[in-house]
Amino acid sequence: MATLSRQSNDRTNALQARRKVATARPLVLVVEDHDDTRFLLRYLLEMWGCRVAMAEDGLAAVCMAEQTRPDLILMDAGLPRLDGLAATRRIRELAAMHDVPIVFLSGHAELPFRAAALETGGSDYLIKPFAIDQLEKALERHLGSGLAEKTK
């Protein structure tokens, strides 16, 4: 009887450990309207050990942020239905989203646009096309250093 109880406890402990490892991986919400860019970002993020949620427009981004409560959001600026700036404002209005880093990925290289993105609640700003190492450094800044190293 004691052996059966111990085996059951061992299975329960192993299951809890697997769940803890799965949830320890950061969740990144990718908000991007171009299929190829979404695919590339998902590939890189998963390679670096992140879980990924996706949204194709600003309205979907607000809903996904509220539902999934990501650890970080990668936000395109030019989105259909609700642009990235407006989506960021709405996300920042959600109580659980005040401290979640939002990294803008934008083709707008102008300083006034960058300033506007950061004023709406953006935490960082990368100009497209960006180098992969720039994205990796942004992730490390906002999710913790060595993120990519943990998956090697």
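Student: What makes β4 and β5 a pair?
Tutor: This is a predicted model, and in it 4 bridges join β4, residues 102–106, to β5. Pairing takes at least two bridges, so with 4 of them β4 and β5 count as paired. The two strands run parallel. For one of the bridges, look at V103: its partner in β5 is D124.

Student: And how do you know that β3 and β4 pair?
Tutor: Use the cut-off of at least two bridges again. β3 and β4 share 4 bridges, so they pass, and they pair in the parallel sense. One spot to check is D76, whose bridge partner in β4 is L105.

Student: How does the chain get from β3 to β4?
Tutor: It crosses through helix α4, residues 84–93, and this β-α-β crossover is right-handed. The chain then goes from β4 through helix α5, residues 111–119, to β5, and that crossover is right-handed as well.

Student: What is the strand order in the open sheet?
Tutor: The sheet has 5 strands in the order β2-β1-β3-β4-β5, with parallel pairing.

Student: Why are β2 and β5 called edge strands?
Tutor: Because β2 (51–55) and β5 (124–127) each pair on one side only.

Student: Why is E32 called buried?
Tutor: The cut-off for buried is under 20% relative accessible area. E32 has 1%, so it counts as buried. You'll find E32 in the loop between β1 and α2. Leaving out residues up to four places away in sequence, its contacts include T37, R38, D76 and K128.

Student: And what makes β4 mostly covered?
Tutor: Count its residues: 5 of 5 are buried. Both faces are covered, with I102, F104 and S106 on one side and V103 and L105 on the other.

Methods:
Residues numbered from 1 in each chain as written. Predicted model: local features only at pLDDT ≥ 70, side-chain atom pairs only at ≥ 80, totals over all residues. Heavy atoms only, no water. Buried < 20%, exposed > 50% of the residue type's maximum accessible area, 1.4 Å probe, protein only. Contact = heavy atoms within 4.5 Å. Right-handed = clockwise from strand over helix to strand, strands pointing away.
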